[in-house]
Protein chains: 2
Amino acid sequence: MHSIDQRFQRLATTYAPGQEVRLAAGATVALPAGEVLAGEPVDFSHGNVDVDAFMPTPSALDEFIAGVNRGGAQAYTDYRGSAAIRARLAGRLAAFTGAAVAADDGLIITAGTQGALFLAGASSIGADDKVAIVDPDYFANRKIVEFLGGQVMPVRLDYLDGGEAAGLDLGQLEDAFKAGAKVFLVSNPNNPTGVVCSAGEIGAIAELANKYGAIVIVDQLYSRLLYPGQTYHHLRASTIDADNVLTIMGPSKTESLSGYRLGVASGAPRLVDRMEKLQAIVSLRAPGYSQAVLNTWFAEPAGWMQRRIDEHRAIRDDLLTVFSTAGDVAVRTPGAGSYLFPGFDGLKMPLHDFVGLLRRAANVTVTPGTEVGPRSVRSIRLNFSQNREAAVRAAGRIVTIFKRHAV
Amino acid sequence: MHSIDQRFQRLATTYAPGQEVRLAAGATVALPAGEVLAGEPVDFSHGNVDVDAFMPTPSALDEFIAGVNRGGAQAYTDYRGSAAIRARLAGRLAAFTGAAVAADDGLIITAGTQGALFLAGASSIGADDKVAIVDPDYFANRKIVEFLGGQVMPVRLDYLDGGEAAGLDLGQLEDAFKAGAKVFLVSNPNNPTGVVCSAGEIGAIAELANKYGAIVIVDQLYSRLLYPGQTYHHLRASTIDADNVLTIMGPSKTESLSGYRLGVASGAPRLVDRMEKLQAIVSLRAPGYSQAVLNTWFAEPAGWMQRRIDEHRAIRDDLLTVFSTAGDVAVRTPGAGSYLFPGFDGLKMPLHDFVGLLRRAANVTVTPGTEVGPRSVRSIRLNFSQNREAAVRAAGRIVTIFKRHAV
């Protein structure tokens, strides 16, 4: 059994996205003057929701204020969230994902998508359980498993060689199931690479999960921000046993609504029921007034989401040009979402030193690849939901620093 | 080791406060007409934040909107919360509690006080650890211990016979420590009874915790709503080892700000550090825009809190009159907070039936005592932060129903 000390030993957040400000406070040695590149600060660790980049969905704040004005009816909902809001969401999510959503017993509103991930994990993973986890994938997935005392079974994502597919190593996934893994936790689109599972991959996941009776928790946070030429296949609309799948979404970076801290999980009632029981002791109930903001979700003004996709695609393509013309930078074109995951194989300094140097010498904040997977020791994650011009200039500075310190 | 099924077996929320609406949907058998008492609905399971009762602190919504307008700076703070807001809070909390608060490493903002409780518990309680828990106490305390695989060591609260003290059985607390309990989780003022620990009790808790090297997590959610004649003794300002105490507060029912879902924990940096690491995987970060509402906390307009105390005292005294003149109702005068915990020893039906009958025949929602402690099989919990007249009439209906079904 894991002792409390062991439990926290592996839960480090020192290099986690968003925590850089605490790290920066510790840096005291001055850089040589020639090392510093001028340029406005760009924080690629998360999306930019300020006026010069991507503002929240119109009317989000209006809906929040309307929620406050509803008083207790909005402050004190069911733990799983307001019944009226769930009813509204169920129809929209069913239409988007192509499979029915039960508003009453198949849907829960949570404190951020992070809240949904934790509740889903803790509702399906017991101590000593084996859990299949993609490498690389969202930084918290591995940590949730470890905190719960489970055992990570890695499933390699060969994202650079995926071709039309994401590049999931399905043989490794089956090996994990054969070895006893009862849960597969996966983001699709993948965070950090932006790759999207093909129809074949989704079909194979469903088939394997059914064969081994495993639960699949799929984090679809970026599935709305889908670029032209891509098709998104919803696992919940596949042949997978509906009693063994949980789908996590939420209005977040795509809609620039992260600050309201909202997430939604839908799927098997037996798992949603557990999630609500756990939410009761973890954060009591779905975020009170914030829930009202969900009324704007999947109900944006005509053309708004398309414009958002177009704008993100333009930034994506600009950054891809910067990195792919630099030479020696390995990067795959994201099919969805706002993450880019360039790899710098020729880097001749430790990754954390490179990340620190980017912050101090180039005014650029990025997340080290090791936060998203143990193999990514030469990669960095960039959220490109940023001011376009500033992001392009910052990417140029990243390349300059890299070139100075490449073999 | 607890399996995942065992873990959830004891996490029932069927009768938990706020979940009555889900329960009500299941009631189908009609009551005899003579059984029903006319009267407007009163939901004593939580405070009433509507216009006819207790509205949120003035300017709370303004601060929230200002937070939204700050954009990313408010949406994406440190996981433990905005440094600027923590700096502001640290001074106010130090002044209120009488002991220093370290803004940088001794303070964390959480998703509700429930979030603070869970993170504090999970940061100090390991599997198979013994934890001293007061009976009765806040409903989640016991469940958090059980979910973490710990073992509850009950500490009786003889609230009806406490005299000047709350009535904590200090002998039982020492027995728990002797038996190996490493953590004591306690609410003061107590929820549900409203009793406040005396100077002697706080001194004894500190002494025992120091003697046995135990961590004390004290939930002081209602410590601001203190009635005349009462003195509140802050454990963190006692002789307790500062490295072994966590204090939980938050703007909630006292300030009618529950809907913003905010909590704050302060204390030992080693524990706050763990709480932040855990928050990263549980809800990622302190509630984004909502954090801004903390700027109004302990900074209410002159006289506002005093008026709020006076208004609550008036309701408290009215309800006490209803129950104490009824005969056969055992109730202690709360020294703080907005909970009343009357006991109906002569009740001749099971408690859940009585609670269900109150809902269906009297339009009154209350929380069964068994949610707050296994011994409270004849008690109900009322949050009296309500419209005064409606609350008094509802209390009258409770007594009427009780009399019909008393031995």
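## A salt bridge within chain B

Select B:Glu40 and B:Arg397, which form a salt bridge whose closest N and O atoms are 3.9 Å apart; the term denotes a side-chain nitrogen of Lys or Arg within 4 Å of a carboxyl oxygen of Asp or Glu. The pair links distant parts of the chain, 357 residues apart, with B:Glu40 in the loop between H2 and strand E1 (42-43) and B:Arg397 in helix H13 (residues 388-404) of chain B. Helices (H or I, at least four residues) and strands (E, at least two) are DSSP runs, numbered from the N terminus. B:Glu40 is partly exposed at 30% relative accessibility, whereas B:Arg397 is buried at 7%. Here buried means under 20% relative accessible area, exposed over 50%, and partly exposed in between (1.4 Å probe, protein chains only).

This is a predicted model, in which local features need pLDDT of at least 70 and side-chain atom pairs count only at pLDDT 80 or more, while totals for chains, interfaces and linings use all residues. Residues are numbered from 1 along each chain as its sequence is written, chains are lettered from A and ligands numbered from 1 in the order in which they are written, and side-chain values use heavy atoms, with hydrogens and water left out.

## A salt bridge within chain A

Next, select A:Asp318 and A:Arg388, whose side chains meet in a salt bridge (2.6 Å, N to O). A:Asp318 lies in helix H11 (residues 304-324) and A:Arg388 in helix H13 (residues 388-404) of chain A, so the pair ties together parts that are 70 residues apart in sequence. A:Asp318 is partly exposed, with a relative accessible area of 23%, and A:Arg388 is partly exposed as well, at 37%. Over all chains, the whole structure holds 34 salt bridges.

## Both chains together

Now display both chains. How many degrees of rotation superpose chain B on chain A? The rotation is 180 degrees, with 0.0 Å of shift along its axis and an RMSD of 0.0 Å. The two copies are thus related as by a two-fold rotation axis; the superposition is by least squares on the C-alpha atoms of residues with pLDDT of at least 70 in both.

Colour the interface residues: 71 residues of chain B are in contact (heavy atoms within 4.5 Å) with 71 residues of chain A. Of the interface residues of chain B, 100% are also interface residues in chain A, so the copies meet through the same surface. The area buried between the chains is about 5,800 Å², of which carbon and sulfur atoms give 61%. Buried area is the accessible area (1.4 Å probe) that two parts lose on being put together, summed over both. In chain B, select B:Arg22, B:Tyr76 and B:Ile281, which lose the most area to chain A, together 13% of what that side buries.

## Contacts across the interface

Two salt bridges are counted between chain B and chain A. One of the pairs to select is B:Asp5 with A:Arg274, whose side chains meet at 2.5 Å, N to O. B:Asp5 lies in helix H1 of chain B and A:Arg274 in helix H10 (residues 269-282) of chain A, so the pair joins two chains. B:Asp5 is partly exposed at 46% relative accessible area, while A:Arg274 is buried at 14%.

Then centre on A:Gln19, in the loop between helix H1 (4-9) and helix H2 (20-24) of chain A. This residue is buried, with a relative accessible area of 2%. Its side chain makes a polar contact with the side chain of B:Glu276 (3.0 Å), and a polar atom of the A:Gln19 side chain lies 2.9 Å from the backbone nitrogen of B:Tyr79. A polar contact is a pair of N or O atoms within 3.5 Å; within protein, one must be able to donate a hydrogen and the other to accept it, and residues adjacent in sequence count only if both atoms are side-chain atoms.

## Backbone stops

Finally, show the backbone. The peptide bond from A:Asp135 to A:Pro136 is cis, with omega near 5 degrees, and A:Pro136 is in the loop between strand E3 (130-135) and helix H7 (139-147) of chain A. In chain B, select B:Ser256, which has a positive phi of about 55 degrees although it is not a glycine. B:Ser256 lies in the loop between strand E7 (245-249) and strand E8 (262-267), and is buried at 2% relative accessibility.
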